[in-house]
Amino acid sequence: MIAQPTIGVFALQGDVREHVRMLQGAGVTALPVRRPSELARVDALVLPGGESTTMYKLAGIFDLLEPLRKRLAGGMPSLGTCAGMIMLADRIESGIEGQETLGGLDVVVRRNAFGRQVDSFESDVDFVGFDAPFHALLIRAPWVEKVGEGVDVLATVASGPAVGRIVAVRQDSPIIVGATEGAGLVASGIPALLAYTRDMIPLENRQVAEIKPGRVRVLDFEGDEVNAETIHVEWDLDAAEKSGYEDFMLKEIFEQPEAVRNTMRGRVKKGRITLDEVTWSGADLAAISKVVVVACGTSYHSGMAAKHAIEHYTRIPVELDLASEFRYRDPVLDAHSLVIGVAQSGETADTLAAVRFAREMGAKVVAVTNVVGSSITRDADAVLFTHAGPEIGVAATKTFLAQLVALNLFALYLAQERGVMDPAKIGETIDAMRALPDQIEEVLTLQGEVHRAAKRYASARDFIFMGRGVGMAVALEGALKLKEISYIHAEGYAAGELKHGAIALIEEGVPVVAILTGVALYEKMLGNVSEVRARGAETILIAPRNDERACTLANELFEMPVTKPLLTPILDTIPLQLLAYFVAKERGLSPDKPRNLAKSVTVE
Ligand code: F6R
């Protein structure tokens, strides 16, 4: 049994009560600690308050901990943080960068992908240890996640006489554990472990792992052993490195041809779409009377494009919901509803809550995700993996394209299984999808042109993006990408809506990006472009190749190869990803780690 410790909460400033309540809410016995004498009542200490470890050190927190250290036979605790995880051990000595001695064990802490330093990490909560013979306790929780984006942390326990164990606790935020012959491993994400093992266990919420070299034991909070599933990860290690690119985001944009190939791989056999992971019977699929797509952020935009595809191919009505809104609008769901939860990370709290809610309401749930073993895979009846490989950059790029491909495949699959689409038409669409990786390569050759445009508009104060139909999803995605990494105000709009208000924002020199490909309403779209030009806008057009009319209306023109109208977002988004990237670079910003954002949003 792992004894439930009593956790004390101590802060140099601010109110500790909220943190006490948070821990109590998580089923932990917690008390506020106001003076050193009160330490005797607790087994461990949490230090909240947005103050860095350095500050605690300066404030003599280690002296304060002395009584506790004495009281605990094992000699506890020292405190360290490492990029999003908090460590506590008998002793932590900072040594060579990336190496620490933890509780008498040799521990290698690999910094997160961005090389964040221990002491510069400002954490809201530093979590601390147990009165148990644990050499180290690592905990990840949402309030840590909030400030620790891109947290890939690895602790290995070396073999030898000092072999000990690490205990890791999952409280909402993902935590992945594994072991090799010589080491126990803990990380916040799969990529961090790839250099060491391909077999790993994603902990479920409120599970505790005891990790030793060669062995992982998973327990629940009652201390009972749990039969946890080990997953085997195929991701290529190179994919988690920058491989000569300046930033992960740029590398991931250029990996898109391969990502799309991998999403398609093995899913079309003899002209038929086979989705092995979707095991519903033909009768089950025939009984679906409506589809609801739920997602957040970029995934919501792929859902928006999917709505068009599913309705067009299958004639099943599709609702699209922001996952954060879905549960609260009292949606109508029953056993004939199919809910598609889209989340590249598979950990987005709102999307998880939405799919759980849908299942409780009796709906069928399919998850579209990039991460094997992620939480959403456990909450869905079926899972469609996007197989885009690890995405480290905070801004979603290749996972977005892979989602679009997976969702189009799924839409075609539904149409095929329900027998509502001419097989020849399905075949034509599949052929068009097969051509996409080469076409993406072609679009990527626009890099230089997009860079030039980015230089021209990098100091703009506002951007407007507009499109119609699936082009609207592209417009929203283009605006999101730009605002999240360049911090320029950008609005994505349905082009036809502009005249109902937003056109008032157009003045001399405002860049307006318009998506002209694949729209049935092409003429109307040209009209919208003319309207904004007449008011002084600079127009950046994503247009079909050799389109003379678009040419005359453009300040900047990016010409796209021809594909099926519903597949155009898979190509049209790319120049906008590049535009956002280069604008951010021109403004001296780091595209991989935009302020205030995290790769997995595990808080609602
Ligand atoms: C934008 C971005 C976010 C995510 C959103 C949902 O580039 O990455 O908007 O798309 O946080 O994340 P997932 O797909 O993991 O649910």
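Helices here are DSSP runs of H or I with at least four residues, strands are E runs of at least two, and both are numbered from the N terminus. With that in hand, valine 470 sits in helix H17, and helix H17 (470–486) also supplies at least two residues of the shell around the ligand. This is a predicted model, where local features need pLDDT of at least 70, side-chain atom pairs count only at pLDDT 80 or more, and totals for chains, interfaces and linings use all residues. Residues are numbered from 1 along each chain as its sequence is written, and side-chain values use heavy atoms, with hydrogens and water left out.

**The protein overall**

- You're looking at 20 helices and 30 strands.
- Of the 604 residues, 61% count as buried (buried means under 20% relative accessible area, exposed over 50%, partly exposed in between, with a 1.4 Å probe and protein chains only).
- Take the contacts (heavy atoms within 4.5 Å) with a separation of 6 or more: residues 24 or more positions apart account for 72% of them.
- The protein exposes about 22,800 Å², and carbon and sulfur atoms supply 50% of that (areas come from the Shrake-Rupley method with a 1.4 Å probe; for residues, only the protein chains shown count as cover).

**The ligand and its shell**

- The ligand is surrounded by 15 residues, and the closest are Ser299, Gln344, Ser345, Thr348 and Glu484 (a residue is near a molecule if one of its heavy atoms lies within 4 Å of it).
- Sorted by class, that shell has 7 nonpolar, 6 polar and 2 charged residues (Ala, Val, Leu, Ile, Met, Phe, Trp, Tyr, Cys and Pro count as nonpolar, Asp, Glu, Lys and Arg as charged, and the others, Gly among them, as polar).
- Helix H10 (297–314), like helix H17, gives at least two residues to the shell.
- The ligand lies between domain 2 (242–434) and domain 3 (443–587), because both give residues to its shell (the bounds come from an automatic or database domain assignment).
- On the glutamine 344 side, a polar backbone atom is 2.7 Å from an oxygen atom of the ligand.
- Threonine 348 has a side-chain N or O atom 2.4 Å from a ligand oxygen.
- For glutamate 484, a polar side-chain atom also lies 2.4 Å from an oxygen atom of the ligand.
- Taken alone the ligand exposes 400 Å², and the protein buries 91% of that.

- Glutamate 477 is in helix H17 and counts as buried, at 0% relative accessibility.
- Its side chain makes a polar contact of 3.0 Å with that of threonine 298 (a polar contact is a pair of N or O atoms within 3.5 Å; within protein, one must be able to donate a hydrogen and the other to accept it, and residues adjacent in sequence count only if both atoms are side-chain atoms).
- A polar contact of 2.8 Å links the side chains of glutamate 477 and lysine 481.
- Leaving out residues up to four places away in sequence, glutamate 477 touches Thr298, His301, Ala396, Phe400 and Thr573.
- Valine 470 counts as buried too, at 5% relative accessibility.
- The C-alpha atoms of valine 470 and proline 569 are separated by 6.6 Å, though 99 residues apart along the chain.

**An exposed loop residue**

- Arginine 265 lies in the loop between helix H8 (256–264) and strand E19 (268–269), and is exposed at 52% relative accessible area.
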